[in-house]
Amino acid sequence: MKNATLSCDFDALIIAGKEKTHDSSIVDGVVLDVFVYPAETFSADYDPEEFVQVWDGKIVLDEHGIAGQLKAKVLDYIEHLPKKTVTEVAQEVEWCEKTLRLMEKAMQRRSGYMQKPCGNLTGKAYLHGSIT
């Protein structure tokens with residue numbers, strides 16, 4: 001990640017320890033965005049919406065199957081979200097396009113702006129639900 005910038009980050013969820021914590025250290029120019037949850041968090045009733053970001057995550061180590069169960073619960077939650085109407089999707093796309101135009105204008109006003117590559121990291125947008 002030699003060409004990573006501070007606008008890049010590495011997201012991770014770790015199931016360990018006794019208390020919920022967050023770490024945003026910088027390691028070799030990459031911002032860590034690490035969330036640590038105790039295993040007990042997932043043995044009790046929890047809202048999968050709070051963990052929806054793991055839907056496409058890669059499980060690296062899962063000795064007790066907790067991460068796999070979490071991901072399965074999140075995917076089931078996403079699968080059963082109410083489908084958006086064509087109008088709702090169009091409104092969300094319009095909002096995204098408007099926000100992009102505003103960001104582009106703001107960046108053009110910044111003197112000396114130059115877009116820097118972000119290593120092999122890519123951003124993803126996800127709209128909950130789909131058009132039926």
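Five aromatic pairs are counted in this structure, which is a predicted model. One of them joins Tyr37 and Phe51 in an edge-to-face arrangement, with 5.1 Å from centre to centre and 70° between the planes. This pair links distant parts of the chain, since Tyr37 belongs to strand S4 (residues 30–37) and Phe51 to the loop between helix H1 (40–43) and helix H2 (66–79), 14 residues apart. Both Tyr37 and Phe51 are buried. A further pair is made by Phe42 and Tyr46: the ring centres are 5.3 Å apart and the planes stand at 85°, so this pair is also edge-to-face. The angle decides the label because planes over 60 degrees apart count as edge-to-face. Phe42 has a relative accessible area of 10% and is therefore buried. Tyr46, at 13% relative accessibility, likewise counts as buried, because the limit for a buried residue is under 20%.

Pro48 has 12% relative accessibility and so counts as buried. Leaving aside neighbours within four places in sequence, Pro48 is in contact with Lys73, Val74 and Tyr77. For Pro48 and Tyr77, the separation along the chain is 29 residues, while the C-alpha atoms are 6.7 Å apart.

The overall arrangement can be described next. The protein has three helices and four strands, and along the sequence these follow the pattern β-β-β-β-α-α-α. Of its 132 residues, 18% count as buried. Among contacts with a separation of 6 or more, 43% are between residues 24 or more positions apart.

The structure holds one salt bridge. Lys84 and Glu92 form a salt bridge in which the closest N and O atoms are 2.3 Å apart. Glu92 has a relative accessible area of 24% and is therefore partly exposed. Asp33, by contrast, is buried yet has no salt bridge. The nearest side chain of opposite charge to Asp33 is that of Lys20, 11 Å away. This distance rules out a salt bridge between the two, because such a bridge requires a side-chain nitrogen within 4 Å of a carboxyl oxygen. Asp33 does have a polar partner, however: a polar contact of 2.5 Å joins the side chains of Asp33 and His22. Within the fold, Asp33 is placed in strand S4, the strand that also holds Tyr37.

The loop between strand S1 (9–15) and strand S2 (21–23) contains Glu19, and Lys18 is found in this loop as well. Glu19 has 56% relative accessibility and so counts as exposed. Lys18, with a relative accessible area of 75%, is also exposed. Both values lead to this class because exposed means over 50%. Not counting residues up to four places away in sequence, Glu19 touches Val36 and Pro38. The C-alpha atoms of Glu19 and Val36 are separated by 7.7 Å, although the two residues are 17 residues apart along the chain. For Lys18 and Thr41, which are 23 residues apart along the chain, the C-alpha separation is 9.7 Å.

A last feature concerns the backbone. Most residues other than glycine have a negative phi. Asp28, however, is a residue other than glycine with a positive phi, near 50°. Asp28 is found in the loop between strand S3 (26–27) and S4. Its relative accessibility is 62%, so Asp28 counts as exposed.

Definitions and conventions: Residues are numbered from 1 along each chain as its sequence is written. This is a predicted model: local features need pLDDT of at least 70, side-chain atom pairs count only at pLDDT 80 or more; totals for chains, interfaces and linings use all residues. Side-chain values use heavy atoms; hydrogens and water are left out. Rings of Phe, Tyr and Trp (its six-membered ring) pair if their centres lie within 6.5 Å; planes under 30 degrees apart count as stacked, over 60 as edge-to-face and the rest as tilted. Helices (H or I, at least four residues) and strands (E, at least two) are DSSP runs, numbered from the N terminus. Buried means under 20% relative accessible area, exposed over 50%, partly exposed in between (1.4 Å probe, protein chains only). Lys and Arg count as positive and Asp and Glu as negative; His and the chain ends are not counted. A polar contact is a pair of N or O atoms within 3.5 Å; within protein, one must be able to donate a hydrogen and the other to accept it, and residues adjacent in sequence count only if both atoms are side-chain atoms. Contact means heavy atoms within 4.5 Å.
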